[in-house]
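Subject: Structure handover

Hello,

Here is the structure for your files. My notes on the helices follow below it.

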Amino acid sequence: MAVVPGLTKGEIDKAVEDEGNMAGQDKLEKERADMKNAVEEYVYGIRDKLETFLREFVEEKKRESFSQLLSQTEDWLYDEGDDQKKQVYVDKLAELKKFGDPIVRRHREFDGRAAAFEEFGKAVVHYRKILDLYDQKVELYDHIEEDEMKKVQEAVHQKQKWMTSKMQTLSKTAKHDEPPVLVAQIVSERESLEKTCNPIVMKPKPKVEPPKDEKKENDGEGNKAEENGDQKGDQKGDEQKMD
């Protein structure tokens, strides 16, 4: 802030304080306006979605009640809600989301469920193939202990049973009802299966060291070859001297 000649220190301090207050008020006004806009954007956005892809994820009577609340909120924004404190808009948005968020969540869960089950199914098939190869005595897995493979077999059986049960339950659940199992749970069950099985089926084969006797014999043959080479070299040298 530029210093104006003739002002006392008290007047300068007061001017600085007023300037700070104005900046604070501008910030509060911006936050208030942003929150009001957030309410308005939510009303328009969720209302359009309720008439399209979210329609199946809410019961008809609840959808009608929520649509009515959205219309009332829109009217309020252009009337007494036109100039309210920030907290009023915060509370209004929270009230709307209390109705809207469960609908959006049910749609999101339905949308991601098929892919989550598909990945789970791929994991089950993967480990079942390994179990079949193990039963066929395939060399790739013949170093794994039978007790360890039984752990894999048991884990695969349990997880497949869980997956089948949940898929059957979900097939009977209406889209507008809360799902009995979430995508996060499906992912967690698959990761649990992988955590159990991978350390076993990915266990590396132990390195095979040659028997000690065989190693000594090989070393002895190498030494003999060196001695014979030395003797031949000495003999050749003696012959050259005689010539």
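In what follows, a helix axis is a line fitted to C-alpha atoms over the stretch in contact, and angles run from 0 to 180 degrees between N-to-C directions. This is a predicted model, in which local features need pLDDT of at least 70 and side-chain atom pairs count only at pLDDT 80 or more, while totals for chains, interfaces and linings use all residues. Residues are numbered from 1 along each chain as its sequence is written, and side-chain values use heavy atoms, with hydrogens and water left out.

The protein has six helices and zero strands (DSSP runs of H or I, at least four residues, and of E, at least two, numbered from the N terminus).

Helices α4 (residues 146–171) and α5 (residues 183–201) pack at about 165 degrees, their axes 9 Å apart. That angle makes α4 roughly antiparallel to α5 (the term applies over 145 degrees). On the α4 side, the contact (heavy atoms within 4.5 Å) includes M149, V152 and W162; on the α5 side, I186, L193 and I200 are among the residues involved. The contact residues comprise 10 nonpolar, three polar and four charged (Ala, Val, Leu, Ile, Met, Phe, Trp, Tyr, Cys and Pro count as nonpolar, Asp, Glu, Lys and Arg as charged, and the others, Gly among them, as polar).

Of the 243 residues in the protein, 24% are buried (under 20% relative accessible area, 1.4 Å probe, protein chains only). In α2, the buried residues include F66, L69, L70, T73 and W76.

Regards

Terms used
Buried means under 20% relative accessible area, exposed over 50%, partly exposed in between (1.4 Å probe, protein chains only). Angles under 35 degrees count as roughly parallel, over 145 as roughly antiparallel, 65 to 115 as roughly perpendicular and the rest as oblique.
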